[in-house]
Amino acid sequence: MLEEVERWLTRRSWSADDRPLDRLTAARARDPHRARVSVVLPALNEEETVGAIVEEIRRELMEKVRLVDELVVIDSGSTDATAAVARRAGARVVHRDAILPRIPAVPGKGEVLWRSLLVTSGEIVCFIDADLKDFSADFVSGIVGPLLTDPEVQFVKAMYDRPLGEAAGQGGRVTELVARPLLNLHWPQLAGFVQPLGGEYAVRRSLLERLPFPVGYGVELGLLVDALHTVGLDALAQVDVGVRKHRHQDGQALGRMAAAIYRTAQLRLSRGHLVRPVLTQFERGEDGFVPRTHAVDTEERPPMREITEYASRHAA
């Protein structure tokens, strides 16, 4: 590991307990306008978990204390009761297709996160995955904390243990097999991030609006790499929030995720294009193995500040 990264680990890695809620609310009170916090949950068919997450954030961080100003669930085309459950729990629910309708939406997590900037107003934007189980408000307060108390910090990732069933530390398979090797080999300054692909992170809007967003699963890697190049390692940080439990993908879904992440890295290494941006996988059928070919996400959305509607809203 680079000496620079070792020093970074001692300066920019914390625990959620390092910043109690009273310290964070006091920091907000000193500059309430510049410290507005928006929490965004991208959601696709998460009716089983989204309600409990929304209720926890509202109760602990909006009612007991005033740390979060707005809580928005972006519905990415759910076919179950995700939107209704989230709304009953107290979130504002916005459908992906209702945001920036002049640009047709494409499927993908990054697409939803990018569009969320148009329907939120906080100077700090906190993204939380909607499939988390046994959710704690520490996931939000922990990663928002450094942004409220240290003006030099601009991007904070959550770090945590990721069990796979009963096996501790065996989750995050795409992280260990794809993302971590890529980062260590090509962006060694980012080798200190425990969960580089984690879906829980908080960022200053002034940085987010300057970054391109891969529309699919590559969004976390893309934002992290581009943030490094835009603001430097010392503006990035991570906070230990404990244990993350969520629904695990099957092996083939992980393969498609890995391909999208590799493509995102390749584009940033070459700023070119894949020769053949597809991935073929195999499933056993009645007559043997059947090939299934899937497109690899190859589209990215431009920095939000280049979008006319966004610029107009902030100029008003």
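A residue is taken as buried when its relative accessible area is under 20%, as exposed when that area is over 50%, and as partly exposed in between. On this scale R59, with a relative accessible area of 35%, is partly exposed, in what is a predicted model. The side chain of R59 meets that of E60 in a salt bridge, with an N to O distance of 3.2 Å.

This pair belongs to a wider set of charged contacts, since side chains of opposite charge can pair when their charged atoms come close. The count of salt bridges comes to 26. Among them is the contact between D129 and K109, whose side chains meet at 2.8 Å, N to O. Because D129 lies in the loop between β5 (124–127) and β6 (132–133) whereas K109 is in helix α5, this pair ties together parts that are 20 residues apart in sequence. D129 itself counts as buried, its relative accessibility being 12%.

A further salt bridge is formed by the side chains of E176 and R180, again with a value of 2.8 Å from N to O. Both residues are in helix α7 (residues 173–186), and because they are four residues apart there, they are separated by about one helical turn. E176 is partly exposed, with a relative accessible area of 43%, and R180 is likewise partly exposed, with a value of 21%. Salt bridges also link R11, R12, D150, E152 and D234 in a network.

With regard to strand pairing, β3 (residues 70–75) and β4 run parallel and are joined by four bridges. Within this pairing, D75 has H95 of β4 as its bridge partner.

N45, although not a glycine, has a positive phi of about 55°, and its place is in the loop between β2 (37–43) and α3 (50–63). A positive phi of about 55° is also found at L100, which is not a glycine either, and L100 lies in the loop that runs between β4 (92–95) and α5 (109–116).

Conventions. Residues are numbered from 1 along each chain as its sequence is written. This is a predicted model: local features need pLDDT of at least 70, side-chain atom pairs count only at pLDDT 80 or more; totals for chains, interfaces and linings use all residues. Side-chain values use heavy atoms; hydrogens and water are left out. Helices (H or I, at least four residues) and strands (E, at least two) are DSSP runs, numbered from the N terminus. Two strands pair if DSSP finds at least two bridges between them. A salt bridge is a side-chain nitrogen of Lys or Arg within 4 Å of a carboxyl oxygen of Asp or Glu. Buried means under 20% relative accessible area, exposed over 50%, partly exposed in between (1.4 Å probe, protein chains only).
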